[in-house]
Amino acid sequence: MKRIAVLTSGGDAPGMNAAIRAVVLASHYFGVQVIGYRHGFNGLLEQEYQILQSSDVNNIIQRGGTILKSARCQAFTTDEGGRQAADNLTALEIDALIIIGGDGSFRGAVHLGRFWSGKILGLPGTIDNDINGTDATIGYYTAIDTALESIDRVRDTADAFERIFLIEVMGRHAGFIGLSAAVCSGAEQVLLPELFTDNLPDLDSLAGHIQTAQKIRGKCSYIMVVSENIWPGGVMDLADQLHQRTGIDCRPVILGHVQRGGSPVSLDRILASKLGVYAVEAARTGKTGIMIGEHNQQMVEVPFQDTWNQAKALDPYLLHIQQETFDLVKNSNNP
Ligand SMILES: Nc1ncnc2c1ncn2[C@@H]1O[C@H](COP(=O)(O)OP(=O)(O)OP(=O)(O)O)[C@@H](O)[C@H]1O
Ligand SMILES: O=P(O)(O)OC[C@H]1O[C@](O)(CO)[C@@H](O)[C@@H]1O
């Protein structure tokens, strides 16, 4: 193996740079050259790349974002796009391509495999943690901490005014950030996509929970963590509708893209470092068509299709303690 390429695709995630660094350092350790494609699959189509020297990855382990830039690329999803990408990889004599991204990017990996016979490996890089086969994705731990820091701040002012806040967190179709942030912040209520697959949350029971909480505790702060995409119009509309229906006054807060940025926490740097090095080792031994993940502290090789065929489940015990043990309404009979 002489030349490996690497790219970052889809939503950027803190720790992507640590993964790029690991790929570059491991490749150089084995005497393999590294090409970094820029702007995700767009770079493959446009032959936009740079040779990555070891000096290029100095002091990037602590940086959020991705030095290779990221993108979502519709043109790549067509057969013509796949063929173009394959031709460009062949022209540069790339032996293996490492794709750092989410499940969409892994679908892109399979698409590319229809046109290119080089080795294709994936590293799970997304704050959403919605990739089956790995306990965590690169960026997830940082996103929880970032959301949590903001929610803790909101709690201070919520407490001072004894107000109700609805806080919207990211996670397009998955409640991992929402559940973790809710547990860690002591949120009174959490709304996750996994809990509302066929229906919307019921306004009356949401209002009922708030009112009962205030009967039990007296006037108090109340935080509801809400994953994005659950309520049409998001937490702004949910706050309006709760007010119209019940007179309850809520303040909506959308955390948004702050959750994607920032310096990766240690767990993300460690995960990215392990996965990046392992991917290079796997490519050298001829592995292809797999995502490298970690499960129970073991490195795992997951066929791309398995990363999205089965939805990754939330931790049922964490969900249980948030919704039962820590629920102040269900807990109200305790001495
Ligand atoms: N079915 C598909 N076939 C070919 N390519 C795809 C497919 N789905 C996604 N891709 C490619 O992968 C890119 C990234 O996918 P997507 O926007 O879903 O982000 P992601 O990798 O899932 O990351 P995240 O969920 O964190 O945003 C897309 O812009 C597209 O170029
Ligand atoms: O930055 P964009 O393209 O609006 O994407 C936002 C989406 O990307 C993610 O941050 C990562 O997949 C989701 O949580 C969010 O829904």
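Predicted model: local features only at pLDDT ≥ 70, side-chain atom pairs only at ≥ 80, totals over all residues.
The chain comprises 335 residues, of which 46% count as buried. Its secondary structure consists of 11 helices and 11 strands. The C-alpha trace extends over about 70 × 35 × 30 Å along its principal axes. A radius of gyration of 22 Å was computed for the chain, which agrees with the value near 20 Å that a compact globule of 335 residues would have. With regard to contact order, 76% of the contacts between residues at least 6 apart in sequence join residues at least 24 apart.

The domain assignment divides the chain into two parts: domain 1 is formed by residues 3-139 together with 264-309, and domain 2 by residues 140-260. The centres of the two domains, taken over C-alpha atoms, are separated by 34 Å. Across the boundary, 16 residues of domain 1 are in contact with 14 residues of domain 2. On the side of domain 1 that touches domain 2, 7 residues are nonpolar, 5 are polar and 4 are charged.

Ligand 1 is surrounded by 18 residues, and the closest of these are Gly10, Gly11, Gly102, Gly104 and Thr126. By class, the shell around ligand 1 contains 11 polar, 4 charged and 3 nonpolar residues. Among the contributing elements, helix H4, which covers residues 103-113, gives the most to this shell, with 6 residues.

Terms used. Residues numbered from 1 in each chain as written. Chains lettered and ligands numbered in written order. Near = placed C-beta within 6 Å. Helix = DSSP H or I, 4+ residues; strand = E, 2+ residues; numbered from the N terminus. Nonpolar A, V, L, I, M, F, W, Y, C, P; charged D, E, K, R; others polar. Domains from an automatic or database assignment. Contact = placed C-beta atoms within 7 Å. Rg over C-alpha atoms; globule rule 2.2 N^0.38 Å. Buried ≥ 20, exposed ≤ 12 C-beta atoms within 10 Å, placed from the backbone.
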